[in-house]
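Hi,

Here is the structure I said I'd pass on to you. Have a look at it first, and then read my notes below.

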Amino acid sequence: MRKSSFYYLLVTISLIFGCKEAAKPTAADEVEVKVVEELTSPAKESSALPYLMSNKDVALLSWVETSGDTLATMKYSELVDGKWQSSKNILTGTDWFVNWADYPMITENNGSLWSHVLKKSTAGTYSYDIKMNVKPKGATEWKTDLPLHTDGTPTEHGFVSIVPYNDHFFVNWLDGRNTEENEVGERGAMSLRAGIVSVTGEMLEEYELDARTCDCCQTTSVITDNGPIVIYRDRSADEIRDISIVRQVAGEWTAPKAIHVDNWQIKGCPVNGPKVDALGNNVVVAWFTGAENAPKVQVSFSSNGGEVFTAPIVIAEGIIMGRVDVLWTDEDNAVVSWMEANDKSALFKAMIVRKDGTTSKQQVITKMADSRKSGFPQMEMVEETLYFAWTEQVAAVTQVRTAKMSVDAFSFN
């Protein structure tokens, strides 16, 4: 057959079969709906340490960008109509303590802004202070480098948690003032301290909440109808490092009490703190434990401001990295996020958990590097949308990325 005749035969066949209705795709052919939408990040390359916060109709993202070996700049962006706005600078420094797990933070209360960084206090590796920056409502410039604590010891201070509280801010932190070596060579323990700070940076009240805590796990706090609560990783004399709570009730702080006795005995700090959220006196806590050599993420609920918690619900177990976050979506449902290992990388995941223990399917937010540079992914909710932030690492370059998904996009079995 000549080439031209063969060509016309092919055209005729294609026309005949092309007139038929296209076959409907089978279930195997259906494309999975992409429920996570990546957003344009306001952070440039060489950025890391993201922190997300939302308060009523305000949502902010802060992060740190570095240049060279020592120059660091703390920046932030506001979410408007689901998009991050152009970044703004808070301050720049060459003497900060920049740590993958102890990230600077920003928060807002009725138009006033508060943020912090960690600043070296001596040439020693682990001597640094918490420095506040404030921008009261109506101010045009940040007031920076304000002291949070005034003990003056060349020790570690960090792992801050900050939330709006009435017309002020409630802040807590890990404080190393008692770890300074005395004249006979003895050192005390890391302690948990807290205080109420005005929008102009004044410490109005200060408290010691626990005289002995884990040294380098993130703290977390929230305001219930009864008052502030702080949740953190404690440390017993036998090196049991379970999650504890202290509550302010009628103006007085309760003694530390374990959320649940995991009985995780570990001689070193696991660098893996809890997260808490509250709706009135409904409290939800998520945390990581490696007790009995069985790493897992757990969630527990309280309906009385943290006085009593339910038995923990296991969210994920196996090769779990932790680095959790948790938020209420309504009075019966919370969303939990965490990281887990995946071959030579890590997965940032989230799922819904109900107070009755029912859980949704796990949702992968993104694939990440499994290194320390990935830091601690963040999660916040604005109306019915969840927003995420994390640090992407490609070779030696890091950059803060962001994404969003609808709360309704989680599916249940």
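The largest cavity has a volume of about 50 Å³. A cavity here is a set of points on a 1 Å grid over the protein atoms alone where a 1.4 Å probe fits but cannot get out, and a volume is the space filled by probe spheres set on the points, with grid points joined across faces, edges and corners. Searching the whole structure turns up 4 cavities of 30 Å³ or more. Lining residues are those with an atom within 4 Å of a point; for the largest cavity they include Y103, Q218, R323 and F376. By class that lining has 5 nonpolar, 3 polar and 2 charged residues (nonpolar is Ala, Val, Leu, Ile, Met, Phe, Trp, Tyr, Cys and Pro; charged is Asp, Glu, Lys and Arg; polar is the others, Gly among them).

Before you go further: this is a predicted model, where local features need pLDDT of at least 70 and side-chain atom pairs count only at pLDDT 80 or more, while totals for chains, interfaces and linings use all residues. Residues are numbered from 1 along each chain as its sequence is written, and side-chain values use heavy atoms, with hydrogens and water left out.

Now the pockets (a pocket is an open set of points with protein on both sides within 12 Å along at least five of seven lines). The largest pocket holds about 1200 Å³ of space. It has 47 lining residues, and S54, N55, K56, D277 and E380 lie nearest its centre. Strand β11 (residues 157-165) gives the largest share of that lining, 6 residues. Strands are DSSP runs of E with at least two residues, numbered from the N terminus.

The second largest pocket has about 450 Å³ of space. It is lined by 25 residues, with A48, L49, T66, V98 and T398 closest to its centre. β2 gives the most to this lining, with 3 residues.

Last, a sheet to find on screen. Four strands form an open antiparallel sheet in the order β7-β8-β9-β10 (two strands pair if DSSP finds at least two bridges between them).

Cheers
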